[in-house]
Amino acid sequence: MQHPGVASAQTYVTPEARLTAEGIVLPPAPGPLGPYRPWVTFGSLVMTSGQFPFIDGRLAYSGRIGGSIGPKDAYAACRLAAINGIAQLKDAVGSLTSIKQIVRLEGTMQVAMGFRDHPKALDGASDLINLVFGEAGRHSRMIYSNPEMPLDSPVLIVLLAEIRD
Amino acid sequence: MQHPGVASAQTYVTPEARLTAEGIVLPPAPGPLGPYRPWVTFGSLVMTSGQFPFIDGRLAYSGRIGGSIGPKDAYAACRLAAINGIAQLKDAVGSLTSIKQIVRLEGTMQVAMGFRDHPKALDGASDLINLVFGEAGRHSRMIYSNPEMPLDSPVLIVLLAEIRD
Amino acid sequence: MQHPGVASAQTYVTPEARLTAEGIVLPPAPGPLGPYRPWVTFGSLVMTSGQFPFIDGRLAYSGRIGGSIGPKDAYAACRLAAINGIAQLKDAVGSLTSIKQIVRLEGTMQVAMGFRDHPKALDGASDLINLVFGEAGRHSRMIYSNPEMPLDSPVLIVLLAEIRD
């Protein structure tokens, strides 16, 4: 797989520059939906809470993947939720250059009966993480799916990341 | 948000005292339902296994949230499962004062079709954790939902907590 | 519960020898289904990605637990996915003797409506882990279930393990 944003040793490109090159303006980190924190650090680990495909605090996508949400929108919704996850990481560590590696991606999806293509949908998040963080973005991941999601969201994403010393 | 149990520097109140003030008697940590452990430590991290809304080893609530389980009982079931999670933490560390912070709350719920208010239900666990641990209770969280849960339980809760040095 | 593979201090048996005694040939670690890694290390922790009940890259079981998948096959599917998870751990650390403890088992299942026996199914993974790793295998665990799983798989398993110094 090609990661166009992966830098060689000579031409290190920051995650922020890769986002800009991709035309992505990182939003402010979305607030929580209740009495919890959008992210927590444990030693050198940052864990985000579940991230929605929000733009300005509103769902940009809602409904069921494999139902009203087709494959392109499913991919885009996962990508958008991952952008919000990266915004949380930046809020936690200041500069994304401080991220040593993305340890884990969790994606849970609201799907229609008969839907089986979760991995392709979640690639929307994985591809973005790889693009933005290059080698440091090469993560493990776990997929869940759900009968009914909070707010009718098609997806919730969690990122676990390691901070550099 | 007000946390009535949050102590100022001068009047530190232990988590155990906050439980007592709330009228909560921490039960013995529930045993596992199979050949696994109710909690494990990894370095300074304690991870519980999934906690049910058990009282004396029996479900105090069963059924679907948004179906036979209304909003108040959903909130109460999440709170009760979190009490069992705190009992596991106490079993692991002896005194809850040893808990440096609650790192993560996971909640998975058995819901009826059309239910969307998972966050309000899980607030039953979040509010309790904040009340008992104060600032140290400010956790990240992730919500899942399920078509069918073990034992017909409406909720399963996991707590990840950091132990003080 | 008896763990036939548990060694006394005098007769330490390696996890590999226990696998052999059980007639299990550990397969090559299955590759990922997309642009992510099958496992990642974070300090002394190894986290696998979701593991399917694959044999040679194909599902050995498919369908719904409690529907077309009966209790014995559900147990066997969880066991097989755990074997693939152990193959990932071996790929990560070389010798399974390097595993200090299995920290956490996650199992998410594709179930038929009315199914409630997730714990018994996941025991297929728990029993194997206990058998192979003995005391070091005594893990925490969390169960999820899903309306529709990737590839129509009945189960996905994640292992978190601690590596010895």
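Colleague: What percentage of the residues of chain A count as buried?

Modeller: This is a predicted model, in which local features need pLDDT of at least 70 and side-chain atom pairs count only at pLDDT 80 or more, while totals for chains, interfaces and linings use all residues. Residues are numbered from 1 along each chain as its sequence is written, and chains are lettered from A and ligands numbered from 1 in the order in which they are written. A residue is buried if 20 or more other C-beta atoms, placed from the backbone, lie within 10 Å of its own. Of the 165 residues of chain A, the buried share is 56%.

Colleague: What radius of gyration does chain A have?

Modeller: The radius is taken over C-alpha atoms, and the globule rule is 2.2 Å times the number of residues to the power 0.38. For 165 residues a compact globule would have a value near 15 Å, and chain A agrees with this, at 15 Å.

Colleague: Which strand of chain C gives the most to the side that touches chain A?

Modeller: Contact requires C-beta atoms, placed from the backbone, within 7 Å. By that criterion, 24 residues of chain C are in contact with 26 residues of chain A. Strands 1, 2, 5, 6 and 7 of chain C each supply at least two residues of this side. The one that gives the most, with 3 residues, is strand 1 of chain C.

Conventions:
Contact = placed C-beta atoms within 7 Å. Helix = DSSP H or I, 4+ residues; strand = E, 2+ residues; numbered from the N terminus. Buried ≥ 20, exposed ≤ 12 C-beta atoms within 10 Å, placed from the backbone.
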